[in-house]
Amino acid sequence: MIHVKRKMLAIVLGGLVALALALAPAAWAADETFALITDTHLGASAANKTLTLKAFKYAKKQENLAAVINCGDVTNVGGKREYQAYLSLWKKSKLTVPRIQAIGNHDNAAGGYQKWLRHAGYKGYNKNTGIN
């Protein structure tokens with residue numbers, strides 16, 4: 001019985017991965033680069049701003065850059081000023097690719113998912129591209 005459940009779970013998860021890949025924007029080609037950053041913790045120290053901007057500028061130099069993905073903990077406590085600092089650094093870097101962010105436990109600290117969406121600069125959900 002356990003073996004059957006594990007096999008079904010593997011099939012379901014495999015199907016979800018296949019679906020996610022099928023629904024990914026068609027413009028993303030196999031030779032594109034995704035810059036992956038995480039735990040920028042803006043608000044924890046002034047050094048974090050410097051390092052985040054350096055990461056953005058490094059990403060901008062990459063060939064075929066398709067998007068910058070922050071895997072969470074963009075901020076230290078999820079405060080509005082911390083998000084404003086992040087968005088200011090993004091603008092300063094002059095990156096023109098999509099900015100994709102995952103919510104981390106630090107980002108969620110000041111009021112939950114809806115507040116995170118608003119402060120992170122997202123305007124809503126787009127069925128073709130996800131959160132924008």
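Let's start with Asp39, which counts as partly exposed because its relative accessibility is 39%; that label covers values between buried (under 20% relative accessible area) and exposed (over 50%), using a 1.4 Å probe and protein chains only. This is a predicted model, where local features need pLDDT of at least 70, side-chain atom pairs count only at pLDDT 80 or more, and totals for chains, interfaces and linings use all residues. Residues are numbered from 1 along each chain as its sequence is written, and side-chain values use heavy atoms, with hydrogens and water left out.

Asp39 sits in the loop between β1 (33–37) and α2 (46–60). Helices here are DSSP runs of H or I with at least four residues, strands are E runs of at least two, and both are numbered from the N terminus. Most residues other than glycine have a negative phi. Asp39, though, has a positive phi near 55°. His41 is in the loop between β1 and α2 too, and its phi is also positive, at about 45°, although it isn't a glycine. His41 is buried, because its relative accessible area is 15%.

Now hop over to helix α3 (residues 80–93), where you'll find Lys92. With 55% relative accessibility, Lys92 counts as exposed.

The Ser93 side chain reaches the backbone oxygen of Trp90 at 2.6 Å.

Terms used
A polar contact is a pair of N or O atoms within 3.5 Å; within protein, one must be able to donate a hydrogen and the other to accept it, and residues adjacent in sequence count only if both atoms are side-chain atoms.
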